[in-house]
Amino acid sequence: MDRHHASYTTSPASADELARELRSLKSESGLTYARISERTHYAKSSWERWVNGKQFPPRDAVESIASVCAGDADRLLDLWRRADGCRAAGAPVGAPPDTAVPPAPGPTGTHRCRTALLRPLIALVLVLGAGLVLAVTGRRPSRPDRTLG
């Protein structure tokens, strides 16, 4: 597997590694959260949460801080992809490897999306099938008596 594809592997500690890199970049730049906020379109409170690993940053924010603080954008985005892969796989953000929560049984990720899309289709097929059975047998659905007593 080449290096580019290897970057998409997931590690439960990836989000922590990303946060460490963001902290290091901020520290080395000498910029405050307020200064970073002024130079990007994100609030200083958001930067504090992302840099300290309290919340997962959006990809655009990682690109922004790399630009503002003269960091290695490719490295940061590689870390972001790995951490995002962990989030998509259901690993808790920032969890150390030994406390990673195993995936819940049943459909996850893409399978969950497919299942959600198939449910209405299955319901429609069932309704149409029932209608076809009634039409072929010559029966009509019974109606409740509407006479007023």
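Q: How many aromatic pairs does a search of the whole structure find?
A: A pair of aromatic rings is described by the distance of the centres and the angle of the planes. Rings of Phe, Tyr and Trp (its six-membered ring) pair if their centres lie within 6.5 Å; planes under 30 degrees apart count as stacked, over 60 as edge-to-face and the rest as tilted. Searching the whole structure turns up four such pairs. In one of them, the rings of Tyr 42 and Trp 47 have centres 5.7 Å apart and planes at 85°, so this pair is edge-to-face. Keep in mind that this is a predicted model, where local features need pLDDT of at least 70 and side-chain atom pairs count only at pLDDT 80 or more, while totals for chains, interfaces and linings use all residues. Residues are numbered from 1 along each chain as its sequence is written, and side-chain values use heavy atoms, with hydrogens and water left out.

Q: Is Trp 47 buried or exposed?
A: Buried means under 20% relative accessible area, exposed over 50%, and partly exposed in between (1.4 Å probe, protein chains only). Trp 47 has 1% relative accessibility, so Trp 47 counts as buried. Tyr 42 is buried as well, at 14%.

Q: Which angle do the planes of Trp 47 and Trp 50 make?
A: Their planes stand at 85° with the ring centres 5.1 Å apart, so this pair is edge-to-face. Trp 50 counts as buried, at 6% relative accessibility. Both Trp residues sit in helix H4 (residues 44-51), three residues apart, about one turn of the helix.

Q: What sits over the ring of Tyr 33?
A: A charge sits over a ring if NZ of Lys or CZ of Arg is within 6 Å of the ring centre and within 35 degrees of the ring normal. Here the charged end of Lys 26 does that, 4.5 Å from the centre of the Tyr 33 ring.

Q: How many helices and strands does the chain have?
A: Helices (H or I, at least four residues) and strands (E, at least two) are DSSP runs, numbered from the N terminus. This chain has seven helices and zero strands.

Q: Which residues have the most contacts inside the largest nonpolar core?
A: In soluble globular proteins, nonpolar side chains tend to be buried together. A nonpolar core is a set of buried Ala, Val, Leu, Ile, Met, Phe, Trp, Tyr and Cys residues joined through side-chain atoms within 4.5 Å. The largest one here has 21 residues, and those with the most contacts inside it are Leu 18, Leu 22, Ile 36, Trp 47, Ile 65, Cys 69 and Leu 76. Helices H2 (14-29), H4, H5 (59-68) and H6 (73-89) each supply at least two residues of this core. The largest share, five residues, comes from H6.

Q: What does Cys 69 touch?
A: Contact means heavy atoms within 4.5 Å. Leaving out residues up to four places away in sequence, Cys 69 touches Leu 25, Ser 29, Leu 31 and Ile 36.

Q: How many salt bridges does the count come to?
A: A salt bridge is a side-chain nitrogen of Lys or Arg within 4 Å of a carboxyl oxygen of Asp or Glu. The count by this rule is seven. One of them joins the side chains of Arg 75 and Glu 17 (4.0 Å, N to O). Arg 75 lies in helix H6 and Glu 17 in helix H2, so the pair ties together parts that are 58 residues apart in sequence. Arg 75 is partly exposed at 36% relative accessibility, and Glu 17 is partly exposed at 24%.

Q: Which residues do the salt bridges that share partners join into one network?
A: Start with Glu 17, whose side chain also meets that of Arg 82 in a salt bridge (3.7 Å, N to O). That pair links helix H2 with helix H6, with its residues 65 apart. Arg 82 forms another salt bridge with Asp 78, their closest N and O atoms being 3.9 Å apart. Arg 82 and Asp 78 are both buried. Through shared partners, Glu 17, Glu 21, Arg 75, Asp 78 and Arg 82 join into one network.
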